[in-house]
Amino acid sequence: MDYHSPASFAEASALAANATGTTRFLAGGTDVLVQLRSDLVTPDTLIDIKKINGVQDITRNADGSWTIGVAVTGAEMSEHAELVRDWPGVVEAMDLIGSTQVQGRATLTGNLCNGSPAADSVPAMVAAGVTVTVTGPDDSREVAVEDIPTGPGRTALNKGELISAVNIPARGANGGDAYLRFIPRTEMDIAVVGVGVNLRLEGDTVTEARVSLGAVAPTVLLVEDCAKAIIGSTLDDAALGALAAAASAACNPIDDKRGTIAFRTEVSGVLATRAAKIAYARAKGEQA
């Protein structure tokens with residue numbers, strides 16, 4: 001195995017572009033190192049990006065948006081009071097990944113690039129409208145999070161490309177987000193269903209919304225029909241019923257030992273309504 005520790009994303013991209021065989025990037029390592037130790041993947045080239053300047057920074061930009069370094073851990077996000085205040089749903093989704101020890105290493109970028117349909121942070125990021133900066137051999141581009149996963153274990157990143165930043169939009173006034181999941185155990189399990197909701201209010205009326213579902217299809221879903229169900233409403237019972245129906249209708253899950261198709265379909269609607277209520281309360285500045 002060839003191990004590299006580049007000083008820039010351009011260098012990391014060039015290394016990956018010229019590598020042969022299997023290449024992996026190392027940021028937190030909670031997926032890559034486990035796969036390596038389990039003999040699931042043995043990289044020919046391992047590129048450690050933790051020494052690149054800025055990868056461990058959480059930056060609030062002048063316009064109120066956020067830039068999260070690709071090696072920022074879940075624990076660091078949870079301890080950042082301003083980020084938690086602006087985007088509690090994104091932070092609480094990341095906080096659900098693994099144990100306390102894992103939280104000290106796990107990253108948003110790794111969770112996204114692992115390509116799991118059940119990744120907890122991804123529905124929350126999609127609902128929040130998060131984008132990532134992708135650096136390649138020739139240039140950089142900004143890509144919506146929902147466009148990165150293409151199937152279980154697969155992403156839209158081309159050879160030589162890697163994510164170099166996570167970009168969270170400005171929260172703005174009267175907005176709130178939330179993430180909920182169902183797991184068979186109380187802690188440290190994989191989501192059977194995950195739902196992220198982000199919305200904005202004018203008075204008591206929902207004027208903007210994004211709803212994302214995880215673990216119910218080959219990739220995380222951004223469901224426009226769920227947003228349409230609650231936009232223009234005060235999140236009354238009729239709107240919540242329409243939201244639940246739209247969430248269930250969007251599901252294309254599998255049967256496995258952790259949940260049946262029918263169960264996942266039903267639970268997606270239940271969690272969508274619960275997450276929407278929490279996001280709504282947060283947008284009103286109330287206790288969620």
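Helix H1 (residues 9-18) lies across strand E6 (131-135) and strand E10, running at about 135° to E10. Here contact means heavy atoms within 4.5 Å, and helices (H or I, at least four residues) and strands (E, at least two) are DSSP runs numbered from the N terminus. Axes are lines fitted to C-alpha atoms, for helices over the stretch in contact, and angles run from 0 to 180 degrees between N-to-C directions.

This is a predicted model, in which local features need pLDDT of at least 70 and side-chain atom pairs count only at pLDDT 80 or more, while totals for chains, interfaces and linings use all residues. Residues are numbered from 1 along each chain as its sequence is written, and side-chain values use heavy atoms, with hydrogens and water left out.

Five strands form an open sheet in the order E4-E5-E10-E6-E7, with antiparallel pairing, where two strands pair if DSSP finds at least two bridges between them. The edge strands, each pairing on one side only, are listed below.

| Edge strand | Residues |
|---|---|
| E4 | 58-60 |
| E7 | 140-144 |

From one strand to the next the twist averages 25°. Strand E5 (residues 66-68) is joined to strand E10 (residues 162-168) by three bridges, the two running antiparallel, and Trp 66 stands opposite Ile 168 in E10.

Helix H10 (residues 237-250) packs against helix H11 (residues 261-283) at an angle of about 140°, with their axes 7 Å apart. H10 and H11 are therefore oblique to each other, since angles under 35 degrees count as roughly parallel, over 145 as roughly antiparallel, 65 to 115 as roughly perpendicular and the rest as oblique.
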